[in-house]
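Here are a few notes to read alongside the model. Keep the viewer open and follow the points in order.

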Amino acid sequence: MAFGGVVAMNEVDLTVREGEIYALIGPNGAGKTTTFNVVTGVYRPTTGEVRFAGQRIDGMKRFRVTKTGIARTFQNIRLFHNMSALENVMVGLDAHHRTGALGAVFGMPWHYREERRGRERALELLDFVGISGRADETAKNLPYGDQRRLEIARALGTDPRLLLLDEPAAGMNPAEKQSLQELIRRIRDDGRTVLLIEHDMGLVMHISDRVAVLDFGQLIAEGTPREVQNNPKVIEAYLGAEADAS
């Protein structure tokens, strides 16, 4: 992925296996979020291709990428701040609703059935992420950690097979991070694959099945958490003294 003369990703070849938690780490500017943007259709790669479940998806519009079964959260939380938590999740569920604008305007019976099922599913997802008691609260009034959980619930509303989490632990305290680890495991155990960007190495090493490391837009290591921790290139480029201490 190149932007003019700047190459943000160079020959990055990754394969994420179904049902695993796969972490993508590296220093700031290494190309991690660019990778997410390429996978989700924000950017079309300059060269190369993106395949999901056997289908080539690079060049697809973002809403079509979502419909194939990919959802994401963002490094900077993106919620509808003046809507309730429940309404935010229902927006995610709309990705698979069949009722069009005419059905809603004319109050067709199937529209009301779909709306009722959507509300029930949204409540289930809020319960799944641990904030069911805040369903009617405005998103902007939720504590920071709960906003993170709400964004995950909204992404799950699209019923993804692959969920991309961009620094979900950013700004969380230790107790919130521990709870987040448990949530990510539940998401995986619920039959979904997780691709994770995270700077908290404790979380990454405890939760990931495999880890890939980017540096200056290039893949420098890939393997189990232990293999990556002990890789000299990774120690030099990113982990440093933290890896030695572990």
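1. Strand S9 covers residues 210-215 and S10 covers residues 218-223, and the two pair in the antiparallel sense over 5 bridges. Strands here are DSSP runs (E, at least two residues), numbered from the N terminus, and two of them pair if DSSP finds at least two bridges between them. In this hairpin 2 residues lie between the strands, and Phe 216 takes a positive phi near 50 degrees.

2. A quick caution: this is a predicted model, where local features need pLDDT of at least 70 and side-chain atom pairs count only at pLDDT 80 or more, while totals for chains, interfaces and linings use all residues. Residues are numbered from 1 along each chain as its sequence is written, and side-chain values use heavy atoms, with hydrogens and water left out.

3. Now look at S3 (residues 21-25), which runs parallel to S9 and is joined to it by 4 bridges. Ile 25 stands opposite Val 213 in S9.

4. Is S9 buried or exposed? It's mostly covered, with 6 of its 6 residues buried (under 20% relative accessible area, 1.4 Å probe, protein chains only). In a regular strand, side chains alternate between the two faces of the sheet. On one side of S9 sit Arg 210, Ala 212 and Leu 214, on the other Val 211, Val 213 and Asp 215, and all are buried.

Methods. Buried means under 20% relative accessible area, exposed over 50%, partly exposed in between (1.4 Å probe, protein chains only).
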